[in-house]
Amino acid sequence: METLSTERLERLRQLHSYLHDQILGQDHVIPRVVAALHRGELGLTRTDRPKGSFLFLGPTGVGKTELTIAFTRYLLGEDKLFRFDMSEYQTRDSLAVLIGGRVGEVGLLGRARKKANSGTLLFDEIEKAHPRVFDLFLQILDAARVTMASGDTLDLSGFYIVFTSNIAASEILNLQHSSFATMERHVLAKAQQSLRPELYARIAEKLVFARLSYDVQIEIARLHIKRELAFLRDKGFELSVDESIVSFVMQRGFHPRLGARPLRDTIERDLRGAIVDATLGGGVPSPARLWVRDNQLVLTACAENSRVD
Ligand SMILES: Nc1ncnc2c1ncn2[C@@H]1O[C@H](COP(=O)(O)OP(=O)(O)OP(=O)(O)O)[C@@H](O)[C@H]1O
Ligand SMILES: [Mg+2]
């Protein structure tokens, strides 16, 4: 096993708390992802396999992609996530896009590998992939090796593989009153039927994400407002907000079936919209207070320089 620096070990120790702070309402998923990532980072996986493989199931907008982005950024750095949307890989020719079609071509997987020795390959909406692409997945999971049209072999053993799918997502939304365990079993059984059994069996961690309740989405709203304020601060706008902003964005962005995506979009659009309006209307005071008046966001000069975020 390679020796890791003290800083690296500390980073691995903090992984759980980092992900727990970023991805809310999925506490049953995070420990299993962290355990798999720890094994991967400590080199406790076979060298002829990917560092880890995951199937993330569940409704739309509940953190499947966000968790993948978060762990990749934290462990491997920016620019180490390579995303492939399988809805664009539904025909026979799709395989060529990934591994090249004519002699000499390397395809998108080859290009990703050229850019990085390690990283995460994220395949979204996996159930839509063409059967030839499924065969490629089997090769990757079995041997972490892929032969491209160029004749070269790609070594993907430094990569985590994440598949996501909304298979049986409607059950998660509809079976709200059965226990999570019952629902989880049901979704996993459906996924096993829809994907090929041999593919399903080769994916190490199969995890079902929960729908996000109103209470969890309020916490997500607070988190995203904080992030948005940090983003705006970076752009030179110093804002403070109060709790009324949270109810405002919840009113506009809460959606029980679409997860937190509409909420995130509302926060970005409306907070930035207020900055645009103020800038075009004569300038943004600094520091400024952002609050709700007549069901509208307004920006005014902040008398006392205290931040409440
Ligand atoms: N559990 C969560 N905690 C914090 N933020 C979340 C969570 N779930 C979703 N979000 C926010 O909502 C946005 C959409 O979530 P994400 O992209 O992870 O959805 P998804 O589960 O991959 O859905 P899809 O199946 O449609 O791809 C994210 O960018 C993130 O800002
Ligand atoms: Mg996604």
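Is Asp 294 buried or exposed, and how many other C-beta atoms lie within 10 Å? Asp 294 is exposed, with 5 other C-beta atoms within 10 Å, where exposed stands for 12 or fewer such atoms, buried for 20 or more and partly exposed for the range in between, the C-beta atoms being placed from the backbone.

Before going on, note that this is a predicted model, in which local features need pLDDT of at least 70 and side-chain atom pairs count only at pLDDT 80 or more, while totals for chains, interfaces and linings use all residues. Residues are numbered from 1 along each chain as its sequence is written, and chains are lettered from A and ligands numbered from 1 in the order in which they are written.

Stay with Asp 294, which lies in the loop between S9 and strand S10 (296-301); its phi is near 50°, a positive value in a residue other than glycine. Helices (H or I, at least four residues) and strands (E, at least two) are DSSP runs, numbered from the N terminus.

Next, select Asp 79, in the loop between H3 and S2, where phi is again positive, at about 65°, although the residue is not a glycine. Asp 79 is exposed, with 11 other C-beta atoms within 10 Å.

Now select ligand 1, which 20 residues surround, the closest being Thr 60, Gly 63, Lys 64, Thr 65 and Glu 66; a residue counts as near if its C-beta atom, placed from the backbone, lies within 6 Å. Helix H3 (64-76) and helix H12 (261-280) are the elements that give two or more residues to this shell, and H3 gives the most, with three. At least three residues of the shell come from each of domain 1 (6-208) and domain 2 (214-301), with bounds taken from an automatic or database domain assignment.

Finally, select Pro 287, in the loop between H12 and strand S9 (288-293), and look at the peptide bond from Ser 286 to Pro 287, which is cis, with omega near -5°.
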